[in-house]
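Work through the exercises below with the model open in a viewer. Each task is followed by its solution in steps.

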Amino acid sequence: MIWSDLLRQAAQTLTAAGIEGAPRDARRLAAHVLGIDASRITLIAQDPVAPGLAQLYTQIIDQRARRVPVSHLTGTRQFYGRTFEVTPDVLDPRPETEILIQTALARPWQRLLDLGTGSGCILLTLLAERGPTAFGVGTDLSRAALAVAMRNAAALRLGDHVQFHAGSWLDALPASTAAFDLIVSNPPYITLDEYAVLDPGVGLYEPRLALTDEGDGLAAYRPITSKAPAHLVQGGWLIVEIGPTQGPAVADMFTRIGFETITVTPDFDGRDRVVAGQKPRSALL
């Protein structure tokens, strides 16, 4: 058997399992098995498949057919032009989170805090984009997630520019921590009802703690907005990712803590995705 035949069979298997983009996933997983870039798959399409590789590839395709995320099968995910390690202990970085990155990079800051950092993709991307003078802190309730973030920081050579602390949101920070220019977060915003009908590729394989608050989807924003002002410099920014129906509610939380210049930014599909607000430069917050 040659690779083009095996790829066709794999795509058919994934299509029958209801996987969107089945041919794409078949190519990506073949590239992973072969240790090559996916763009080179066409170059090996007529090559014979070694029996051992055929067996390994078929096993991986079977796992994908059961909705195991591609990132969990390959161990990595591309985000904002960089490769991040991904495990079942962290959320799979998603394209819509790039809206948060773009919103944050449009603001002036050098000192950054990322709440619920997970894989560290937001924190580390922002630090890498801002340059060598930037410094960041990431917090997460999951020590397993922090271990992934630390490995990603090392892989991106950002270890000297970042610290990590285990704990709940801002409560994880040591008492002596200096104020930040920017606080960002992509907290669990899926409601309990929404979680019950979530795609199995997400609900079964990504950490529940990072997906839902087991309630109305707004629970994390309450402590974040109430405690963020005390950890921001005057004129500092708070920027959070939200679910597509949560813009008005989260923007109202920003208003109630006295923040200014509040914006709700849509994602690529036109759905509300990011809320940003600024701590007043002179108010006593």
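The model is predicted, so local features need pLDDT of at least 70 and side-chain atom pairs count only at pLDDT 80 or more, while totals for chains, interfaces and linings use all residues. Residues are numbered from 1 along each chain as its sequence is written, and side-chain values use heavy atoms, with hydrogens and water left out.

**Exercise 1.** Describe how helix H1 packs on helix H2.

Solution. Step 1: locate H1 at residues 3-16 and H2 at residues 22-34; helices are DSSP runs of H or I with at least four residues, strands are E runs of at least two, and both are numbered from the N terminus.
Step 1: the two axes come within 8 Å and cross at roughly 130 degrees. Axes are lines fitted to C-alpha atoms, for helices over the stretch in contact, and angles run from 0 to 180 degrees between N-to-C directions.
Step 2: H1 and H2 are therefore oblique to each other (under 35 degrees is roughly parallel, over 145 roughly antiparallel, 65 to 115 roughly perpendicular, the rest oblique).
Step 3: list the contact (heavy atoms within 4.5 Å). H1 gives Trp3, Leu7, Ala10, Ala11, Leu14 and Thr15, and H2 gives Ala22, Pro23, Asp25, Ala26, Arg27, Ala30 and Leu34.
Step 4: sort these residues into 10 nonpolar, 1 polar and 2 charged. Ala, Val, Leu, Ile, Met, Phe, Trp, Tyr, Cys and Pro count as nonpolar, Asp, Glu, Lys and Arg as charged, and the others, Gly among them, as polar.

**Exercise 2.** Find how H2 is placed against helix H3.

Solution. Step 1: H3 spans residues 51-65, and its axis comes within 10 Å of that of H2, crossing at roughly 140 degrees.
Step 1: that angle makes H2 oblique to H3.
Step 2: from H2, Asp25, Ala26, Leu29, Ala30, His32, Val33 and Leu34 meet Leu53, Leu56, Tyr57, Ile60, Ile61 and Arg64 of H3.
Step 3: by class, this contact holds 10 nonpolar, 1 polar and 2 charged residues.

**Exercise 3.** Are H1 and H3 roughly parallel or roughly antiparallel?

Solution. Step 1: their axes lie 9 Å apart, at an angle of about 20 degrees.
Step 1: H1 is therefore roughly parallel to H3.
Step 2: Trp3, Leu6, Leu7, Ala10, Thr13 and Leu14 of H1 touch Leu53, Ala54, Tyr57, Thr58, Ile61, Arg64 and Ala65 of H3.

**Exercise 4.** Identify what lines the second largest pocket.

Solution. Step 1: its lining includes Arg28, His32, Asp37, Val70, Arg77 and Thr83.
Step 1: H2, helix H4 (70-74) and strand S1 (76-79) each supply at least two lining residues.
Step 2: the lining divides into 4 nonpolar, 5 polar and 3 charged residues.
Step 3: a pocket is defined on a 1 Å grid over the protein atoms alone, as an open set of points where a 1.4 Å probe fits, with protein on both sides within 12 Å along at least five of seven lines; lining residues have an atom within 4 Å of a point.
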